[in-house]
Amino acid sequence: METEWKEVSTEAAVREAGVCAVYAGDRELALYSVKGAIYATDNRCTHGEARLSDGFLLDDEIECPLHQGRFNVRDGLPMCAPLFAPVRVFPVKVDLGRVFVLVPVHTEDVSAANVARAGCPGGCSAVVSP
Ligand code: FES
């Protein structure tokens, strides 16, 4: 898969916000400032229609604002119910205070596809279909 670095923000802006939403092409991402490092994930929760950038960041975990599931922002792994599918993470680099994220050249939204493939073990109505 061909990828490219996209400039999405500044280091200062991400540090000030803690967590924020940005676009890399047509893909909406969430950026997180954690202990001097910046991490990026898809901004949509894998459990339902919620933006992770609207959630609560505590250390390296983002709590979804809808059902309070938590992802580790370093590797995207779900940390508790009702989450079971990881959120996609993206490499980040900072150059002269500018933040870049490595994304596929032709982006696609894989969050919904991941949820649809895995199904919801709890039968939650918040699960989305692609
Ligand atoms: S929508 Fe995020 S935990 Fe349910």
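## Reading a sheet in a predicted model

Tyr 23 stands opposite Glu 28 in β3.

Colleague: In this predicted model, which residue does Tyr 23 stand opposite, and how should I read such a pairing?

Modeller: Strands of a sheet pair through backbone hydrogen bonds, and they can do this in a parallel or an antiparallel way. Here Tyr 23 faces Glu 28 of β3, and β3, which covers residues 27-34, runs antiparallel to β2, to which six bridges join it.

Colleague: What is the order of the strands in the open sheet?

Modeller: The order is β2-β3-β4-β8, four strands with antiparallel pairing. Because β2 (19-24) and β8 (89-90) each have a single partner strand, they stand at the edges, and one side of each is left without a neighbour in the sheet.

Colleague: How many helices and strands does the protein chain have, and what pattern do they follow along the sequence?

Modeller: The chain has two helices and 10 strands, and, read along the sequence, the pattern is β-α-β-β-β-β-β-β-β-β-β-α. Of the 130 residues, 42% are buried, while among the contacts with a separation of 6 or more, 46% are between residues 24 or more positions apart.

Colleague: Where is the pLDDT below 50, and how should I read that part?

Modeller: Where pLDDT is low, the predicted coordinates should not be read in detail. The protein chain averages a pLDDT of 86, and 82% of the residues score at least 70. Over residues 110-130, however, the pLDDT is below 50, although this stretch has 29 contacts in the model beyond near neighbours in sequence.

Methods: Residues numbered from 1 in each chain as written. Predicted model: local features only at pLDDT ≥ 70, side-chain atom pairs only at ≥ 80, totals over all residues. Heavy atoms only, no water. Pairing = 2+ DSSP bridges. Buried < 20%, exposed > 50% of the residue type's maximum accessible area, 1.4 Å probe, protein only. Contact = heavy atoms within 4.5 Å. pLDDT = per-residue confidence, 0-100.
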